[in-house]
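Colleague: I am new to this model and would like to know what stands behind the words used for it. Could you set the values against their definitions?

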Amino acid sequence: MPVTCDYSRRVRRALITGITGQDGQYLAELLHSKNYEVFGLIKGQNNPRIDLIRTEFPFVELVSADLQDLSSLVAALEQVQPDEVYNLGAISFVALSFKQAELTANVTGLGVLRLLEAIRMVGGSSGNRIRFYQASSSEMFGKVRESPQTESTPFYPRSPYGCAKVFGHDITVNYRDSYGLFACSGILFNHESPRRGIEFVTRKVTNAVARIKLGLQETLALGNLDPRRDWGFAGDYVQAMWQMLQQDEPGDYVVATGHTHSVRDFVDAAFRHVGLDDWERFVLQDPRFFRPAEVDVLVGDATKARTELGWKPQVDFESLVAMMVDHDLNLEAGKAGIELP
Ligand code: NAP
Ligand code: F7E
């Protein structure tokens, strides 16, 4: 079904939580290209990532608030009066969620409830006007009950992060059912880019491969190489977020490529891209990077997104790996003052 979007209205306003994160940056660019006024929520005092947003995304207006603080969310919504709210803010690193489970539950789980409540409070009787996007995750499927995973696959989370995301997902559905909010959940499978945080395995690998190729690093320490993920490109996935909020009715959508690769496959492809075919020489296994419980294999079925939103991924696995390695080669060569051939 084609996306329905009425551009005859006044300029639309979007508020993005998680603006400093990978997806926040791509979504801000997308919405700006569609002539939205873009507002980004910034947490904390002296957040160092503010500078990145100010320099690289000067069109984003920054608003101070925290997903752990209801009254700050209410104030942010009162100030911005958004048409669309994208909740991308979270403690999103699964490994950290095992160490800081309570914080994760508070931000990644309860933060969703607070934002939904703030939308109800600020919107009052016209609260249904604000359209809400929740960043749900394939981590909710965890120990998968079926493959590939669809919108109706039961959840079995394997980490505090996954548990918090299940709560965030369920409360979004509940507020839609209970109060008629236009609230959508995108169940997004892993998506990566040159803007991915260095703590996640893909960027950790591509950055290390670049440094090893340039002679700046000798080895790469990783955890479990067997888990399989359905990896796509973040720039493609933010399109789906926006498309969900342009539909006539709210709903939940799996967003995925439908292809799965192991961590080992990713490592192999990244080293091969720079002509190092014997990657085993450089990679060490370190028990510190293993998790108390693992998600072994994820692969999504995005049929609903394809048929209802007209969404499909544009970047395949090999191109994604190449894009990230090339970016890190340029970045690390630039930092070290090395001229690339
Ligand atoms: P990310 O790069 O880790 O960004 C997370 C964002 O959350 C950062 O901007 C961070 O701000 C913000 N944040 C953390 N604590 C907060 C708080 N207390 N209040 C307000 N904001 C807070 O994540 P991402 O990869 O862009 O992912 C975006 C969303 O999609 C997340 O909710 C993630 O869980 C979910 N998701 C991601 C994937 C994926 O593969 N990338 C897949 C499925 C779902 P600071 O910079 O100030 O810390
Ligand atoms: O791990 C294994 C690790 O941290 C992927 C988040 O965006 O996607 C992401 O969660 C796999 C895991 O991402 C290392 O054990 C091996 O099996 O890159 P990751 P994730 O846990 O899949 C989902 C969809 C989200 O929603 C999350 O927010 O790689 N692995 N060795 C390693 N992982 C890391 N980080 N570091 C290693 O050294």
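Modeller: Helices are DSSP runs of H or I with at least four residues, strands are runs of E with at least two, and both are numbered from the N terminus. The model is predicted, so local features need pLDDT of at least 70 and side-chain atom pairs pLDDT 80 or more, while totals for chains, interfaces and linings use all residues. Residues are numbered from 1 along each chain as its sequence is written, chains are lettered from A and ligands numbered from 1 in the order in which they are written, and side-chain values use heavy atoms, without hydrogens and water.

Colleague: Where does N46 lie?

Modeller: N46 is in the loop between β2 (37–42) and α2 (50–56). Its phi is positive, about 60°, although N46 is not a glycine.

Colleague: Why is N46 called exposed?

Modeller: Exposed means over 50% relative accessible area, buried means under 20%, and partly exposed is in between (1.4 Å probe, protein chains only). N46 has 72%, so it counts as exposed.

Colleague: Which class does Q81 fall into, at 37% relative accessibility?

Modeller: Q81 counts as partly exposed at that value. It lies in the loop between α3 and β4 and has a positive phi of about 50°, though it is not a glycine.

Colleague: What makes P82 buried?

Modeller: The relative accessible area of P82 is 0%, so it is buried. P82 is found in the loop between α3 (70–80) and β4 (84–87). Leaving aside neighbours within four places in sequence, P82 is in contact (heavy atoms within 4.5 Å) with R13, L15, L77, R129 and I130.

Colleague: Why does H191 count as buried?

Modeller: H191 has 10% relative accessibility, and therefore counts as buried. H191 belongs to strand β7 (residues 191–192). Apart from neighbours within four places in sequence, its contacts are Q22, D23, R196, G232, F233, A234 and Y237.

Colleague: How far is the side chain of H191 from the backbone oxygen of F189?

Modeller: A polar atom of the H191 side chain lies 2.8 Å from that oxygen of F189. A polar contact is a pair of N or O atoms within 3.5 Å; within protein, one must be able to donate a hydrogen and the other to accept it, and residues adjacent in sequence count only if both atoms are side-chain atoms.

Colleague: Which residues come nearest to ligand 1?

Modeller: Of the 28 residues around ligand 1, these are T20, K43, N47, S92 and Y161, where a residue is near if one of its heavy atoms lies within 4 Å. An oxygen atom of ligand 1 is 2.4 Å from a polar side-chain atom of T20. A nitrogen atom of ligand 1 lies 3.2 Å from an N or O atom in the side chain of R196. On its own, ligand 1 has 900 Å² of accessible area (Shrake-Rupley method, 1.4 Å probe), and the protein covers 91% of it.

Colleague: Which element gives the most to the shell around ligand 1?

Modeller: That is β5, with 3 residues. α1 (22–33), β5 (131–137) and α6 (160–179) each supply at least two.

Colleague: Which residues of helix α9 are buried?

Modeller: In α9 (residues 263–273), they are V263, F266, V267, A269, A270 and F271. Their cover includes α7 (201–213), β8 (220–222), β12 (261–262), β13 (283–285) and α11 (317–336). G275 follows α9 and has a positive phi, near 80°.
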